[in-house]
Amino acid sequence: MPEQLTLYSHKLSPYSHRIELALAEANIKYKNYEVDLFNKPKWFAAKINPIGKVPAITYGGPDVDPEDPSPLSFKLAESSVILQFVAELYPESGLLPKDPVERAKVLFFMDTVDRHFDRPGNEWMGGRTESYEGYLKGVEMIQGLLSEGSEFAVGDRYTIADACIAPLLSRFKITYETDIGGFPVGQGHKLGEELKAPEYAKFLNYAQCMLERPSLRDSNDEAYLAEMWKKLITERRQ
């Protein structure tokens with residue numbers, strides 16, 4: 001009988017979404033417990049993740065109420081670490097290649113996403129306008145790692161590299177379509193216009209493949225994300 005696996009997440013978190021996608025692609029059964037990020041229960045930091053962030057998982061031990069996890073279960077946090085753990089736990093899923101070169105490509109792609117795409121993107125969204133160029137540079141770096149015409153980040157099948165970037169691509173699209181962010185008004189739309197240039201075609205083709213994938217399409221609530229972003233940014237500016 002498979003060990004129990006519980007994911008602690010939140011719809012607003014792209015990092016939680018990464019784990020949801022990997023588990024869906026691997027067809028793994030699990031419990032999903034949504035943590036209220038705006039009113040975090042005290043037991044979450046005490047029993048699951050001392051930092052108090054999502055995502056986090058418990059694995060193994062008895063199948064119990066997620067609000068009262070067993071001390072016998074293994075607790076793990078940080079999305080990139082959880083992605084690799086899930087891939088190692090279910091090797092038949094193909095989420096992490098067996099070939100050492102392909103495996104290294106997956107891990108390098110994930111590191112590039114975190115350092116050069118997600119980080120400047122968060123800074124820019126938060127109002128650091130000087131990070132705009134860094135964000136575009138990150139797009140170029142990601143594009144440089146993609147094979148021409150491939151629908152996947154590495155090789156010919158879905159891996160944790162795709163799960164790592166897919167939720168960010170969804171939010172990336174919302175940003176340039178809605179112009180919602182801490183940046184100056186119009187800069188989101190400007191990003192969308194710049195991306196129409198031929199030199200970004202490979203990146204956009206890959207992004208479209210990810211956005212159309214059932215695992216993302218069925219778990220992605222763009223209206224909710226846009227509404228929450230707008231609310232949070234409005235509150236921040238008051």
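**Salt bridges and the domain interface**

The count of salt bridges in this predicted model comes to 15.

Colleague: Why is the pair K31 and D63 called a salt bridge?

Modeller: The N to O distance between the side chains of K31 and D63 is 2.6 Å. The cut-off is 4 Å between a side-chain nitrogen of Lys or Arg and a carboxyl oxygen of Asp or Glu, so the pair K31 and D63 qualifies.

Colleague: What makes this a link between distant parts of the chain?

Modeller: K31 belongs to strand β2 (residues 31–34), while D63 sits in the loop between β3 (56–59) and β4 (74–77). The two residues are 32 residues apart.

Colleague: Which domains does the domain assignment give for the protein chain?

Modeller: The assignment gives domain 1 (5–93) and domain 2 (100–237). Their C-alpha centres lie 23 Å apart, and the contact takes 19 residues from domain 1 and 27 residues from domain 2.

Colleague: How much area do domain 1 and domain 2 bury between them?

Modeller: The size of an interface is often given as the accessible area lost when the parts come together. Domain 1 and domain 2 bury about 1,900 Å² between them, and 58% of it is on carbon and sulfur atoms.

Colleague: How many salt bridges does the rule find across the interface of domain 1 and domain 2?

Modeller: The rule finds four across that interface.

Colleague: What makes E88 and R103 a salt bridge?

Modeller: Their side chains meet at 2.4 Å, N to O. This value is within the cut-off of 4 Å, and therefore E88 and R103 count as a salt bridge.

Colleague: How many residue pairs are in polar contact between domain 1 and domain 2?

Modeller: Twelve residue pairs are in polar contact, both residues being at pLDDT 80 or more.

Colleague: Which helix gives the most to the side of domain 1 that touches domain 2?

Modeller: Helix α1 gives the most, with eight residues. Both α1 (14–25) and α3 (79–89) supply at least two residues of that side. By class, the side of domain 1 that touches domain 2 has nine nonpolar, six polar and four charged residues.

Methods
Residues numbered from 1 in each chain as written. Predicted model: local features only at pLDDT ≥ 70, side-chain atom pairs only at ≥ 80, totals over all residues. Heavy atoms only, no water. Domains from an automatic or database assignment. Contact = heavy atoms within 4.5 Å. Buried area = accessible area lost by both parts, 1.4 Å probe. Polar contact = N/O pair within 3.5 Å; in protein donor to acceptor, adjacent residues only side chain to side chain. Helix = DSSP H or I, 4+ residues; strand = E, 2+ residues; numbered from the N terminus. Nonpolar A, V, L, I, M, F, W, Y, C, P; charged D, E, K, R; others polar.
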